[in-house]
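Here's a quick tour for anyone opening this structure for the first time. Keep the 3D view handy as you read.

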Amino acid sequence: MSDPVFHLRPDCGGTIPFERRITGAPFLRSWQTVIASAAAGTAIAMDSSPSSRMGDPFLVFLVPAWILFISAQIHGFLRKPRDSDFAFVIGLPYADRLLIARRYVRAMMIQNALSAVSCMAPFLLVRIVRCGSSEVHESGAIALAVVAELAVSFGIMRLLYDRYLSRPNRHDRIHVPVLLAFKWGDASLFHEMIARSFMRIAYAGAEFAGRPLRPYIRRQILYLIRKDRFSSLGLQSLGVAMSAILTGALSSAAPKAALAANLFIPIAILFANGGTFMESGERLSTCGYYSLSFRDFFRVNLWVCGMVFFPYLIGGLVCIGLFHRTDILSFAAAMGVACVALCIAGLTCCFAYRFSEAGEDSMGNALLVVAIFCSFMGILSAVAGSVVPALGLPAIALVLLCGRLYLARHL
Amino acid sequence: MKFALESVSYKYHPTASFCLSDINLTVESGRVTGLAGANGSGKTTLIRILLRQLVDYQGNYYIDGETVHDIAANLCAKYGIGYSPDIPVLDDVLTGYEILGIVGQIRGLTRQEAEDQITLLSSLLDLGPWLRVQQCGEYSHGMRKKVSIALAYLGPVRFVILDEPLNGLDPVAVMAVRTLIEQKRGDKVGTLVSSHILDFIEQCADFCILMKQGTLIYGGGLRQLRTLHGNKRLDEIYLSLFRAEQKR
């Protein structure tokens, strides 16, 4: 009971230690093993090739996905306690939330080590039984990769929270104790390094844009990164990594899935950042030292959205070019639709600049409509061939033109 | 560079009384002009007219002999005018250094030039290491004010308008602002300082504009004003002029 977390909140730990509450769930772990075994069995049974590797990507990418989920949870209750799933953290000061974060990471590390073993075992056993002893080395490598992923990810997380490298939000900074502020100050070199790397990203992102637009593109990139690193930089890095992996690993087995991923990941990222785009536009109009026309601001947004799309376009084209040349047309059509989506996204972002009272949800809604539309077009393209995008795109262009004329007349 | 106002009057609402009435004034770059007046005397309105933030005024406004109404381009960009508002408005999410870098490039500086100027302004105004690391939303009021003043002087500006620059600044920062203004005067950059701190205006201004209830009490050289009033201090002169206007 010497643990301060228990004194702070009985419902966080109660009389049972926090770790045991999380890890002490043998029932859950046995179900995990059963599900993993079933998944492994099904995957391998469905795969007709002699050396079945269908489970490998699933196994290797499950860990980062899970770590990402945990990071998002911790990020949630540390930086945005009001939006957190753990209601009890709302009333806690930053120092206590940091304490809980540290304990949570430690507890999750133990739990995940157990889960990873219980999930990996059936996969590897079934695989070795099916493929024979020749695959033992490869199976061992996969097991090691999973363990290494876990160890490195949790190591980084522990370093972040134990060394006070996670930055409190603005509200917490005001109320943060002197001791914590002092310790945070020790990491100023780290934050300066981070600030420099953000600047480099912003400079690189605007390098090939027109000279008058460059500073505004840099500002927009910096705004997105500074506002929410996870939704902008984190998701984009993860998305690009996923795209590369899917293109490399899945394009031969499931080309449609790889193409769909390359199309929808950027839309999802833009969807996640929609509110920030709007907010940035509002802010730009209120700061007197910026001067930008509506048209130029649209171009800036278009450039930034294009930057999000670019790696996936390349990924999709590589995927098609290497393996399935016949799909080029449908992917090009889908990307065409995505470009229209870009225009809509850019235009919607600009509304905030023009009308600061515009609803925050309009960007998100526009992207949602676009996502639904893209999937509809994709399905129709697959069924009816390239006629659908060939007819659909001019129709969208016409609608956009009418919209633009309407805006020009009424604004 | 010369700003000239001829019989300029302004009211915020058609039925309201004039906020500024019949202002005739000339402000030139290359010198420091102090703007003082009672609360509600129209100092900020005058500044907003000079920046063309308010356009529906009566009378004529010229910059270098050109009628401002005929200028289509952005006034601040065209003539190199920097402005620091009374309440600083900054991009709260970005750091001060990032904002300064971006604004420097908008004003046509290269990356290296912007870096040099930021370093210079940072050391003059003592912006400290927080400038590069902390987001503006986390700055104190004084720090925000200093960043806003640095923004006004950044780049190839020819004239700077500072609205209440001393609000929230500590004595060291006040000295730093004064040094900056004087240094920029040496570089032929003119400054219009609106302030209630008459000592500050007396110390750094060459010309002086005194306002009361939307009218001009005095607009001319500070030395001439003091000579006219027997070399009294500016606050004493201001008080005597203010009372004389009240009696009238």
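Two strands count as paired when DSSP finds at least two bridges between them.

**How confident is the prediction?**
- Chain B has a mean pLDDT of 88, with 98% of its residues at 70 or more.
- For the model, the scores are ipTM 0.86 and pTM 0.67.

- Start with the open sheet that runs E2-E1-E4-E5 in chain B, where the pairing is antiparallel. At its edges sit E2 (20-28) and E5 (66-67) of chain B, each pairing on one side only.
- E1(B), residues 2-10, pairs with E2(B) in the antiparallel sense through 6 bridges. Look for Tyr10(B), whose bridge partner in E2(B) is Leu20(B).
- Helix H1(B), residues 43-50, packs on this sheet and touches E1, E2 and E4 (58-63) of chain B. The direction of H1(B) makes about 120° with that of E1(B).
- E1(B) is also joined to E4(B), by 5 bridges, and these two run antiparallel. Here Phe3(B) stands opposite Ile63(B) in E4(B).
- E4(B) and E5(B) make an antiparallel pair with 2 bridges. Their hairpin has 2 residues between the strands, and Asp64(B) takes a positive phi near 50° there.

**The sheet of 6 strands**
- Next comes an open sheet with mixed pairing, in the order E6-E7-E8-E3-E9-E10 of chain B. E6 (81-84) and E10 (215-221) of chain B are at the edges with a single partner strand each, so one side of each has no neighbour in the sheet. From one strand to the next, the twist averages 15°.
- E3(B), residues 32-37, and E8(B), residues 190-194, pair in the parallel sense over 4 bridges. Within that pairing, Leu35(B) is opposite Ser194(B) in E8(B).
- H1(B) turns up again here, lying across E3, E7 (159-163), E8 and E9 (207-212) of chain B. H1(B) runs at about 150° to E7(B).
- H6(B) packs on the sheet too, touching E6 and E7 of chain B, and its direction makes about 170° with that of E6(B).

**Two helices side by side**
- H3(B), residues 96-106, and H6(B), residues 141-153, pack at about 15°, and their axes are 10 Å apart. That angle is why H3(B) counts as roughly parallel to H6(B).
- The crossing of H3(B) past H6(B) is right-handed.
- Which residues meet? From H3(B) come Gly96(B), Ile99(B), Leu100(B) and Val103(B), and from H6(B) come Val147(B), Ala150(B) and Leu151(B). By class, this contact has 6 nonpolar residues, 1 polar and no charged ones.

**Where chain B touches chain A**
- In this interface, 22 residues of chain B are in contact with 22 residues of chain A.
- H3(B) and H5(B), residues 130-133, each supply at least two residues of chain B's side. The largest share, 5 residues, comes from H3(B).
- By class, chain B's side divides into 13 nonpolar, 5 polar and 4 charged residues.

How values were computed: Residues are numbered from 1 along each chain as its sequence is written. Chains are lettered from A and ligands numbered from 1 in the order in which they are written. This is a predicted model: local features need pLDDT of at least 70, side-chain atom pairs count only at pLDDT 80 or more; totals for chains, interfaces and linings use all residues. Axes are lines fitted to C-alpha atoms, for helices over the stretch in contact, and angles run from 0 to 180 degrees between N-to-C directions. Angles under 35 degrees count as roughly parallel, over 145 as roughly antiparallel, 65 to 115 as roughly perpendicular and the rest as oblique. A crossing is left-handed if the near helix is turned anticlockwise from the far one by less than a right angle, and right-handed if clockwise. Two residues are in contact if their C-beta atoms, placed from the backbone, lie within 7 Å. Ala, Val, Leu, Ile, Met, Phe, Trp, Tyr, Cys and Pro count as nonpolar, Asp, Glu, Lys and Arg as charged, and the others, Gly among them, as polar. pLDDT is the predictor's confidence in each residue, from 0 to 100.
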